[in-house]
Amino acid sequence: MTTPLTVILTGPTATGKTDLALSIARYLDTPVVSADSRQCYRYLNIGTAKPPPAVLEEIPHYYISVLDPEETGTAADFAEKAISWKSDLDNQKRSMLVAGGSTLYIESLIRPLDPLPPKSDANIRELEYLAEKNGLKEIHRKLQEVDPDYAQRLDGLNPHRMFRALDVWMQTGIPFSRLHQNRDLAVPDNMLVFCLDRDRAELHERINTRVDQMFEAGLMDEVRSLLEMGYDPSLPSLRTVGYRECIECLVHQRITPVEAREQIKAHTRQYARRQLTWFRRWKGVQWLNQSDRTGKSIREEVIQAMKQLADHT
């Protein structure tokens, strides 16, 4: 297999994308590209299920811990960087292995994103004023009215993404999500897209177990450390599942640590359902249900599909 390919492993959270990606990366001796809109932030380790340092030292990763929590990462930024990563890997005769569940990041690799109008500072200021006056839930309600598809895919009340989506709508009258859907999703000839899944009960149990492990690993301490470093708890990077619930406990003291843990489990299950709904709309992806299968058998299926595609490319 000499033809460099792009192989994408996506799917709902906690389906096992990271473990499968690492297994394939070791087999192919190739890096992993993280298509996760939160693992790109430094210091957000436990709550994003970032691979541990030993793994990152063993297997090179792109787009992990490259942004400060105060910075903003976008799908357009990710897509632009991916062009450079792909070129470097092609020169090394290596395939680009991508793993992650951020839908717009994945879509940006499968088909180019539509050009967006420049940010309107006036619109953003107006939305920030409304959020300060009426709360982020009111902003989310407005987004649901004009762009329910994008509102559904959000991971929590992310102010940056809500403001930008509403800004685009205010300028164009077109829902933000529709700008990236006016062409059918067609997987390119040199690309494979696998969507991982598990039986619902098993997936929910894996989510619950992962959250318990995060708390045992010190998720609350991680959030406390971020706050002690001076990061604003209202930052978009901290308004996502796992971090916002801990902030509700530590800063606002509206819930207990036990309640925070249970809310994270519930919100993560809800997020996984939204991801799955979105992935099912895509065409041209290959579904891999990992329930009752070994990781080795799944890896062999992916490798075989790569060999077959390489032989015909």
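This is a predicted model: local features need pLDDT of at least 70, side-chain atom pairs count only at pLDDT 80 or more; totals for chains, interfaces and linings use all residues.
Figure 1. Residues are numbered from 1 along each chain as its sequence is written, and side-chain values use heavy atoms, with hydrogens and water left out. Strand β5 covers residues 191–197, and seven of its seven residues are buried, so the rest of the structure largely encloses it. Buried here means under 20% relative accessible area, exposed means over 50%, and partly exposed is in between (1.4 Å probe, protein chains only). Strands (E, at least two residues) and helices (H or I, at least four) are DSSP runs, numbered from the N terminus. Look at how the residues of β5 take sides: Met191, Val193, Cys195 and Asp197 point one way, while Leu192, Phe194 and Leu196 point the other way, and all are buried.

**Figure 2. The partners of β5.** Two strands count as paired if DSSP finds at least two bridges between them. Strand β1 (residues 6–10) pairs with β5 in the parallel sense, over five bridges.

**Figure 3. Helix α14 and its buried side.** Helix α14 takes in residues 295–311, and at 1.5 Å a residue its 17 residues should span 24 Å; the end C-alpha atoms are 24 Å apart, which agrees. (The expected span is 1.5 Å times one less than the number of residues.) The buried residues of α14 are Ile298, Arg299, Val302, Ile303, Ala305, Met306, Leu309 and Ala310. They cover an arc of only 160° around the axis, so they sit on the same side of α14; the arc is that of the directions from the helix axis to the C-beta atoms. Over on the other side, Lys296 and Asp311 are exposed. What do the buried residues of α14 pack against? They pack against β1, α1 (17–28), β5 and β6.

**Figure 4. Gly295, in helix α14.** Gly295 lies in helix α14 and is partly exposed, with a relative accessible area of 45%. Now find Ser23: Gly295 and Ser23 are 272 residues apart in sequence, yet 8.2 Å apart in space, C-alpha to C-alpha.

Figure 5. Asn208 is found in helix α10 (residues 200–217). Is Asn208 buried or exposed? Its relative accessible area is 19%, so Asn208 is buried. Setting aside neighbours within four places in sequence, Asn208 is in contact with Lys265 and Arg269, where contact means heavy atoms within 4.5 Å.

**Figure 6. Ser120, in a loop.** Ser120 sits in the loop between α4 (103–110) and α5 (121–134). Ser120 is buried too, with a relative accessible area of 18%. Not counting residues up to four places away in sequence, Ser120 touches Asp167 and Gln171.
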